[in-house]
Amino acid sequence: STNDLTASPTYNFSTLRELGMHEMDMGRYKEAIDCFHQALQEREDPLLRYYLLKLYLDAHEEEMATKEYIRLQPQLDNISSFPSPNSRLLDFFIKQEEWRVCVEIGQEINYADMGKIYYCHGIWSNQLDSLQKCLQSNPSPDIEILALNALVLSSQASGNHLEALSYHNRRFHLLRTNADKAKALYEQAESFVALRRFQKAEKSLDEGLDLLPRSSNLLQAKANLFLLNGQLREAFYLFDRASQQTKIPSEKMKILYTLGRMASKQSNQELACHYFLQELELTKQTYGKNHLELSRIYHELARLHDESCDYSKALQFLQEALKVEQYHMKNSATTIPKSELTNLIKETKKFMGKIYFKSGDFQRALGTINQDI
């Protein structure tokens, strides 16, 4: 019997492998598994590991198949083709998200849902040809949308905005929800802006806002478009609307900063302070009173009060900035480089010295600038 033969130490790797192949062809799974295990004691071989995995699956021993997969996984790239595949084997590799293997096996057995496998392989490997094959494989509408979404973003990332617009046009009629359509129109507008087709970009954003009037992303995108065209008043109005709509603190902080800077550039110091103070309070609420980002906001407020000759108020904000910076300098757990903190503290003290000088306190001006960090 095979068991008597394989028990003999005279059988080498090649003989054991051939015996195992014969037993497998005859449908004697247990004997084939014994032969392959003994062969693998002589020499590691990824193809034999693959056969063991397949045999365990065919014998409905998924736990043993998974153990073999763990041993095989680091060697999978050494297998160029997967002999005698079946749907059970494909389902196993789909579960393991081994998409290269799934493509090989799926093609071999003419798997019905190759679109999904090509899509997953394309995303996993960042291979555009797999996404193209997905579209050619009669995928389900949901998979087709996902593939086209990925191709739009990939084309934009590579600077090929005409191609991105082509993929957008293919996907748009497939989209069902207003949210998905608005997102697609936002991405279409991005490509139009990159191509400097500003009127078409504005039209896309308007169509998106018709679907989602309170979308902070669309409002900001249109505001940025107005900025590009020098329409500051219109941009300011849209940024203000966006700040009221967004529920994401970090996004709201960014918009408030933009509004503060815009108001400052238009010499509206009071309005600029209004926005920076809002950003200050939201940053404290979100990140705590010692977050280093507060230093930047305190500097903005100090600069505005300096420009309006309110030196006392400017110094108050700079002293708050210094407290935050020194907190981080003394905190051993901080991840901010000491050199960066040193420079921040120097700049703050230099600014304080300048304010003392302007207010006529020359002694404190010199003392502050020369003070140890």
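The model is predicted: local features need pLDDT of at least 70, side-chain atom pairs count only at pLDDT 80 or more, and totals for chains, interfaces and linings use all residues. Residues are numbered from 1 along each chain as its sequence is written, and side-chain values use heavy atoms, with hydrogens and water left out.

Start with the whole. The protein has 21 helices and 0 strands. Both are DSSP runs, numbered from the N terminus: helices are H or I with at least four residues, strands are E with at least two. Along the principal axes, the C-alpha atoms fill a box of roughly 105 × 55 × 30 Å. The radius of gyration is 33 Å, whereas a compact globule of 373 residues would come near 21 Å. That radius is taken over C-alpha atoms, and the globule rule is 2.2 Å times the number of residues to the power 0.38.

Next, the surface and the contacts. The accessible surface is about 20300 Å², and 48% of this belongs to carbon and sulfur atoms. Areas come from the Shrake-Rupley method with a 1.4 Å probe; for residues, only the protein chains shown count as cover. Of the 373 residues, 43% are buried. Buried means under 20% relative accessible area, exposed over 50%, and partly exposed in between (1.4 Å probe, protein chains only). A contact means heavy atoms within 4.5 Å. Among contacts between residues at least 6 apart in sequence, 44% join residues at least 24 apart.

Now take helix 13, residues 198-211. At 1.5 Å a residue, its 14 residues should span 20 Å, and its end C-alpha atoms are 20 Å apart, which agrees. The expected span is 1.5 Å times one less than the number of residues. F198, A201, S204, L205, G208 and L209 are buried in helix 13. Seen down the axis, the buried residues fall within an arc of 135°, so they line one face of the helix. The arc is that of the directions from the helix axis to the C-beta atoms. Helix 12 (178-194) and helix 14 (216-228) are among what covers these buried residues. The face turned away from the buried side carries exposed Q199, K203 and D210.

Charged pairs come next. Side chains of opposite charge can pair when their charged atoms come close. A salt bridge here is a side-chain nitrogen of Lys or Arg within 4 Å of a carboxyl oxygen of Asp or Glu. By this rule the count is 23.

One of them joins E23 and R28 at 2.5 Å, N to O. E23 is buried at 2% relative accessible area, while R28 is partly exposed at 35%. In another, the closest N and O atoms of K95 and E62 are 3.2 Å apart. This pair links distant parts of the chain: K95 is in helix 6 (residues 87-95) and E62 in helix 5 (residues 62-72), 33 residues apart. K95 is exposed at 59%; E62 is partly exposed at 38%.

E320 and K323 also form a salt bridge, at 3.4 Å between the closest N and O atoms. Both lie in helix 19 (residues 311-330), 3 residues apart, about one turn of the helix. E320 is partly exposed at 31%, and K323 is exposed at 51%. Elsewhere, salt bridges that share partners join E44, R49, E68 and R71 into one network.

R49 lies in helix 4 (residues 46-58) and is buried at 10% relative accessible area. Leaving out residues up to four places away in sequence, R49 touches L40, E44, E68, R71, L72 and Q75.
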